Amino acid sequence: EMSEMSERSKQNVAHGLAWSYYVGYLKIVLPRVKKSMEEFSRANPNLLACRKTWRLHILVPLSCDVCDELEKADSNIQYVTDLTETTLARAGTKKRVYKHSLYAIRDEENQLWHCAVEYATPLQSLYAMSQDECAAFSREQRLEQAKLFYRTLEEILKGSKECADAYRLIAYEEPEEAETHFLSREIVWHLRQEHHEEIAVLEGSHPHTPSTALDSAELNLQISVSDLPQPLRTDGF
């Protein structure tokens, strides 16, 4: 009965996508991000001076509108290079390549900030489902799914020791009226917060950990705990 309730409300879609994204991708790549950033920093010491930005910045647009080329989404974002790739045998594919791209983000004062950034790719699936009649996803349901995806992924990553301090989730709602450099401003805001965190640590004070632009409280879906997807077993295994 619980399974049928979850399927009817489509709550299991975002929940499953978040876990798949974590297990099949983030859990593999995030533990290696720091090493890749360190290798790049040794060769380019002036570009990545702030160690707190040595993370994978994951964009979570609640509209699920994912652009394949960040430069086209915002001209203040420019591709620089790819970080050191990781090659693994995965699910029958020999030498599967995992890599991240480094970008230069220009702020309002014409200063450049460098970071590894990419979209959360499962959002493309949510968007495609909302465009497919077979999935029967309305725009409102897609928004709820995007919020649930973010909240689920946030909780998963918070409990992951392997991924600690190797990522930053950037969830945002795009303005109703198009803004040319909205995305670059959003990313720079987070980079500045990370920079302040590093300064606080160097000065020996306790850094205030800022929330993302949209925190979990703002993403409240009014879903009761009993309505969320539950594990098949309840005995702790």
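Which residue stands opposite threonine 87 in E4? Valine 97 takes that place. The model is predicted: local features need pLDDT of at least 70, side-chain atom pairs count only at pLDDT 80 or more, and totals for chains, interfaces and linings use all residues. Residues are numbered from 1 along each chain as its sequence is written, and side-chain values use heavy atoms, with hydrogens and water left out.

Strand E3 (residues 86-90) and strand E4 (residues 93-98) run antiparallel and are joined by 4 bridges. Helices (H or I, at least four residues) and strands (E, at least two) are DSSP runs, numbered from the N terminus. Two strands pair if DSSP finds at least two bridges between them. E3 and E4 form a hairpin, with 2 residues between them. In the turn, alanine 91 has a positive phi of about 50°.

Valine 97 lies in E4. This residue counts as partly exposed because its relative accessibility is 44%. Buried means under 20% relative accessible area, exposed over 50%, and partly exposed in between (1.4 Å probe, protein chains only). Beyond its neighbours within four places in sequence, valine 97 is in contact with Glu85, Thr86 and Thr87. Contact means heavy atoms within 4.5 Å. Valine 97 and threonine 86 are 11 residues apart along the chain, yet their C-alpha atoms are separated by 5.7 Å.

Strand E7 (residues 167-172) pairs with strand E1 (residues 56-61) in the parallel sense, over 6 bridges. Leucine 56 stands opposite tyrosine 167 in E7. E7 is mostly covered, with 6 of its 6 residues buried. In a regular strand the side chains alternate between the two faces of the sheet. Both faces of E7 are covered. Tyr167, Leu169 and Ala171 are buried on one side, and Arg168, Ile170 and Tyr172 on the other.

The largest nonpolar core has 56 residues. Such a core is a set of buried Ala, Val, Leu, Ile, Met, Phe, Trp, Tyr and Cys residues joined through side-chain atoms within 4.5 Å. Two or more residues come from each of H2, E1, E5, E6, helix H4 (122-131), helix H5 (139-158), E7 and helix H6 (182-202). H2 gives the most, with 12 residues. Leu26 and Leu30 have the most contacts inside the core. Leaving out residues up to four places away in sequence, leucine 26 touches Tyr21, Pro31, Leu56, Ile58, Leu153, Leu157 and Cys163.

A cavity is a set of points where a 1.4 Å probe fits but cannot get out; a pocket is an open set with protein on both sides within 12 Å along at least five of seven lines; lining residues have an atom within 4 Å of a point. The largest pocket has a volume of about 500 Å³. Its lining comprises 20 residues, of which Tyr25, Lys99, Glu118, Tyr119 and Thr121 lie nearest its centre. H2, E4, strand E5 (101-106) and strand E6 (112-119) each give two or more residues to this lining.

The whole structure holds 1 cavity of 30 Å³ or more. About 50 Å³ of space lies in the largest cavity. Its lining consists of Val29, Arg32, Ser36, Thr84, Glu85, Thr86, Tyr98, Lys99 and His100. Helix H2 (residues 11-43) gives the most to this lining, with 3 residues.

Definitions and conventions:
Grid points are joined across faces, edges and corners, and a volume is the space filled by probe spheres set on the points.
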